[in-house]
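This report goes through one protein chain region by region. Please keep the sequence and the model at hand while reading.

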Amino acid sequence: MSLHVLVLGGTTEARELAASLAPRPGVRVTTSLAGRVSRPGTVEGDVRIGGFGGAQGLAAWLGEHRVDAVVDATHPFAAGITANAARAAAATGVPAVVLRRPGWRPGPGDRWHAVASLPAAADLLPELGRRVFLTTGRLGLAAFAHQAELHFVVRSVESPEPPMPPDTEVVLARGPFTVADELGLLREHRVDVLVTKDSGGAATAAKLTAARELGLPVVVVRRPPLPEGVTAVPDVAGALARLGLSLP
C-alpha cells in the first residue's frame, strides 16, 4: 500500500495522528503548520510551514505532491483553513476528513455564558466582572481593545502584539496547566471572570474546573460551524478509520 496523507495540524490530535501514521510501511504523512508559533514542538513525519494560498493553492499542492487523503486537524476556530480544505478536496476529488475533539459542556455549578463571537464576549464583560482572565489566544485581543475600564490578564506562549486592551498584564507560559495552577493564577490576579473559546479537550480544561471551584462566571465563545456538508470525527481512531486504517 502507498498512501500520502496531508495533515493540517497545530493541535494535539494532529501530532498524535502523525505519530500513528509515520511508522506505518507504505504511508507517508506530511503535517502542515501555519507558522504562528515559532517553536511548534516535535511532529513525526514530514513538516511544512506556512499557508497554501487559499483553496486554489491547496488544490494545486495536493496534485503536485500526489496526496491521497487530507485530514483537517486544525484548531476548531480555524474556520478559514477548514473552508479552504473543503473546497480544495471537492475540486480535486481527494478524500478529506475533519478531526475535531468534542466541545466542552457545562456541568453542575458552572456559570457559563455562551456567545457567538469575540466581540460579543467583549460586550458582555462589564456586566460580569472587572478583572478578566482572557484565554482566547494572542491573535484575538483586538476585539477587547475598547474595554479600557477593565483589567485583563492574558496568558500566551509568545508575546501578543497590539492592538490590545490598554490595561493588559501578559503572563508568558506554555501548558498544560493543572487545576492547582489555574486556581493559583486566578487568586493571585484576583480574577472575577474568565473568557475562553470552546476549544474542547482535557489539556486546557483545568481553568474551567478552577473557575467552577471559585464560583466565577465564564464567557464561552461558541465554535464556528463546519462548512455545509462536512462532518467531523471526534478522535484519532475515527480519522484512521476513515482512512481505512486502525490504531496499532
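In which loop does Pro176 lie? Pro176 is in the loop between E9 and helix H5 (179-188). The model discussed here is predicted.

## Domains

The protein chain is divided into domain 1, made of 1-100 + 223-241, and domain 2, made of 110-219. Taken over C-alpha atoms, the centres of domain 1 and domain 2 are separated by 29 Å.

## Cis peptide bonds

The peptide bond from Gly175 to Pro176 is cis, and its omega is near 5 degrees. The peptide bond from Pro162 to Pro163 is also cis, again with omega near 5 degrees. Pro163 belongs to the loop between strand E8 (151-156) and strand E9 (168-172).

Most residues other than glycine have a negative phi, and most peptide bonds are trans.

## Positive phi values

Two arginines have a positive phi. Arg66, which is not a glycine, has a phi of about 50 degrees. Its place is the loop between helix H2 (54-64) and strand E4 (69-72). Arg66 counts as exposed because its relative accessibility is 72%, the cut-off for exposed being over 50%.

Arg190 has a positive phi near 50 degrees and is found in the loop between H5 and E10. With a relative accessible area of 55%, Arg190 is exposed. A glycine with a positive phi, Gly215, is taken up with helix H6 below.

Thr196 is part of strand E10, residues 193-197. Is Thr196 buried or exposed? Thr196 counts as buried, because its relative accessibility is 1% and the limit for buried is under 20%.

The side chain of Thr196 makes a polar contact of 3.3 Å with the side chain of Lys207. Leaving out residues up to four places away in sequence, Thr196 touches Trp104, Thr135, Thr136, Lys207, Leu208, Val218, Val219, Val220 and Val221.

## Helix H6

Helix H6 spans residues 206-214, and Ala206, Lys207, Leu208, Ala210 and Ala211 in this helix are buried. Two of these, Lys207 and Leu208, are also among the residues that Thr196 touches. An α-helix has 3.6 residues a turn, so residues three or four places apart point the same way.

Which elements do the buried residues of H6 pack against? They pack against E6, strand E7 (131-135), H5, E10 and strand E11 (217-221). Just after H6, Gly215 takes a positive phi of about 70 degrees.

## Arg101

Arg101 is placed in the loop between strand E5 (96-99) and strand E6 (111-115). Arg101 counts as buried because its relative accessibility of 16% falls under the 20% limit.

A polar atom of the Arg101 side chain lies 3.0 Å from the backbone oxygen of Gly200. Apart from neighbours within four places in sequence, Arg101 is in contact with Thr11, Glu13, His75, Pro76, Ser199, Gly200, Gly201, Arg223 and Pro234.

## Cavity and pocket

Rolling a probe the size of a water molecule over the atoms shows where empty space is left. There is one cavity of 30 Å³ or more, and the largest cavity has a volume of about 40 Å³.

What volume does the second largest pocket have? The second largest pocket has a volume of about 170 Å³. Its lining consists of Pro76, Ala79, Thr82, Ala83, Arg100, Arg223, Pro224, Pro225, Leu226 and Pro227. By class, these are seven nonpolar, one polar and two charged residues.

## The segment after H7

Leu247 is in the segment after helix H7 (236-242). How far apart in sequence and in space are Leu247 and Leu21? They are 226 residues apart in sequence and 9.2 Å apart in space, C-alpha to C-alpha.

Not counting residues up to four places away in sequence, Leu247 touches Arg24, Val236, Ala237 and Leu240.

Terms used: Residues numbered from 1 in each chain as written. Predicted model: local features only at pLDDT ≥ 70, side-chain atom pairs only at ≥ 80, totals over all residues. Heavy atoms only, no water. Domains from an automatic or database assignment. 1 Å grid on protein atoms, 1.4 Å probe; cavity = no way out; pocket = protein on both sides within 12 Å on 5 of 7 lines; lining within 4 Å. Points joined across faces, edges and corners; volume = space filled by probe spheres on them. Helix = DSSP H or I, 4+ residues; strand = E, 2+ residues; numbered from the N terminus. Buried < 20%, exposed > 50% of the residue type's maximum accessible area, 1.4 Å probe, protein only. Polar contact = N/O pair within 3.5 Å; in protein donor to acceptor, adjacent residues only side chain to side chain. Contact = heavy atoms within 4.5 Å. Nonpolar A, V, L, I, M, F, W, Y, C, P; charged D, E, K, R; others polar.
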